[in-house]
Amino acid sequence: MVFRSIRFRLTLWYAISLAVVLAASGFGLSLYIYNNQISHVDDRLLLIATDVSAFNLTLHQNPLATDACEQLEAFLRQRNWGEYVQILNERGNIACSSTNLKEFSLPLGKLALQNTRIGIPFLETLDTLEHHPIRMVTFPVSPQDRNSTLIQVGHSLATIEHEMADLRLTFLLVTPAALLLISLGAWLLAGKALSPVARITRTVRRINAENLSQRLPVEETQDEISELVETFNSMLEDLEGAFRRIKQFSGDASHELRTPLTILRGETEVALRWAKDPEEFRKTLASNMEEINRMGRIIEDLLTLAKSESGELPLVLTQFSFCDLIQELYLQARTLAETKRITVGLQLQVTEEIMLRGDELRLRQMFLNLISNAIKYTVDGGRVDIAVVTDSGFVVISIADTGIGIPEEHLPHIFDRFYRIDEARNREDGGTGLGLSIVKWIVDAHHGNIRVNSTPGKGSTFTVILPISGPGVRHPVKR
Ligand code: ADP
């Protein structure tokens, strides 16, 4: 489990990258130091070779010179040079060599010969001569002469090799220890950085459908974790809202359907037990039909609302003549109002055609709800007036009645689902208590606004304001 954790993986990646960096820098550093040392040795070899070459020339110019090789040895000792020195004559044979070479001789390679023939000193590293490599220069005494006397000076690289071995050992010992320490630090740091994640996990584990109101504590760090927490909290908020709506929907539905169902059951039982002739059965069935219709309406309205809330009912936007729509509604209103002898008036105070962008069917449904409410809650012989005006890009429609009015304390709730002011009377009227909720949804979906003024006993006025250019661009809502 621990091997799969982000903490472990972070530490591992950190350790691996650090190991690669340490190895590369160790390798680079030792190469640099080695090359530096070699270049010092080379300088020294060239210096000695030049010196010996000068000495060799004076030796030959001195006719009194007896044993040249002994003099060379003395010269080297005097200068305190412990290097191997060997002098090759014009034919390439060893003329002299320092005593420290014992039975060995410094080799003359092809490349060295080629270079010295054109007067260039040649530097090389010999691996085969001793236990340790030797750095050697082959130096022409007279560079312009193809067959010049050659001076060879060799320097054992034993010390440098030892130093390098020590350096490598130090690296090998220090690197793993540093890696271990730094990995430990990385492990602790990763743990600290990820500790909010563990805390979030613990809290999230406690959240379920029953306590969706819980939120994760947001820390003021403004980092990725706090962003994650905020996102999670807003997701919880959405989920909670969705859950609340589902709960409300099922609660509302069962509550509202229970009454008509009880009536249905009661009436059917009574009919089955007591009804004697077909006329009584017919009456019961007719009453049952009413309840069934009512249930059908409730279910339909509830589904419309549920779908609208979950965004499953997108508006079908078209541009249509709003004056035509209002005139059709006016005619419908007159038909509806006929039985109650209610007068319906229309004041269309517009000078030109209003081409409104919106969902015509939904808007028709919305206005019909308002008009049928106005008629429903107005006593016989009253009035319902529909008025339309335009106001800088908005169309304002008011539906005023001389009905029973709405007491002030109910006004804030009338757009709530199933909110009815007078249960008993509303049932008789066949209202579901969902009409105004649907009205509100349709107005909101068009980015419009609705308000209501009412005086109990005198009447109510519902005013709808809609942007003429439709809901595409949100207008500052006018009140
Ligand atoms: P319903 O189907 O019961 O009419 P609505 O959602 O359409 O449900 O209306 C909610 C409540 O608001 C109604 O029960 C009624 O009491 C009140 N109401 C709505 N319109 C009017 C109105 N024009 N006059 C008086 N009361 C109204």
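This is a predicted model: local features need pLDDT of at least 70, side-chain atom pairs count only at pLDDT 80 or more; totals for chains, interfaces and linings use all residues.
Let me start with the salt bridge between R215 and E237, whose closest N and O atoms are 3.8 Å apart, where a salt bridge is a side-chain nitrogen of Lys or Arg within 4 Å of a carboxyl oxygen of Asp or Glu. This pair links distant parts of the chain, since R215 sits in the loop between α4 (158-206) and α5 (224-274), while E237 belongs to helix α5, 22 residues apart. The helices (H or I, at least four residues) and strands (E, at least two) that I name are DSSP runs, numbered from the N terminus. R215 is partly exposed, with a relative accessible area of 28%, and E237 is partly exposed as well, at 48%; here buried means under 20% relative accessible area, exposed means over 50%, and partly exposed lies in between, with a 1.4 Å probe and protein chains only.

Residues are numbered from 1 along each chain as its sequence is written, and side-chain values use heavy atoms, with hydrogens and water left out.

Why might such pairs form? Side chains of opposite charge can pair when their charged atoms come close. A search of the whole structure finds 10 salt bridges, and one of them joins R135 to D42, with the closest N and O atoms 2.7 Å apart. That pair also links distant parts of the chain, with R135 in strand β4 (residues 134-140) and D42 in helix α1, 93 residues apart, and both R135 and D42 are buried.

Another salt bridge connects K440 with D444, the closest N and O atoms being 3.2 Å apart. K440 and D444 both lie in helix α10 (residues 435-445), 4 residues apart, which is about one turn of the helix. K440 counts as partly exposed at 30% relative accessibility, and D444 counts as partly exposed at 37%. Returning to the pair I began with, salt bridges that share partners join R215, E237 and E240 into one network.

Now to the chain as a whole, whose secondary structure comes to 10 helices and 12 strands. The radius of gyration of the protein chain is 52 Å, well over the 23 Å that the globule rule gives for 479 residues, so the chain is more spread out than a compact globule; this radius is taken over C-alpha atoms, and the rule is 2.2 Å times the number of residues to the power 0.38. Along the principal axes, the C-alpha atoms fill a box of roughly 160 × 60 × 40 Å.

The domain assignment, which is an automatic or database one, gives domain 1 (2-164), domain 2 (224-310) and domain 3 (318-467). The centres of domain 2 and domain 3, taken over C-alpha atoms, are separated by 25 Å. Their contact, meaning heavy atoms within 4.5 Å, takes 16 residues from domain 2 and 12 residues from domain 3.

N80 has a positive phi of about 65° although it is not a glycine, and N80 is found in the loop between α2 (68-79) and β1 (84-88), where N80 is exposed, with a relative accessible area of 67%. R341, also not a glycine, has a positive phi near 50°; R341 lies in the loop between α7 (322-338) and β7 (343-348), and R341 is exposed at 59%.
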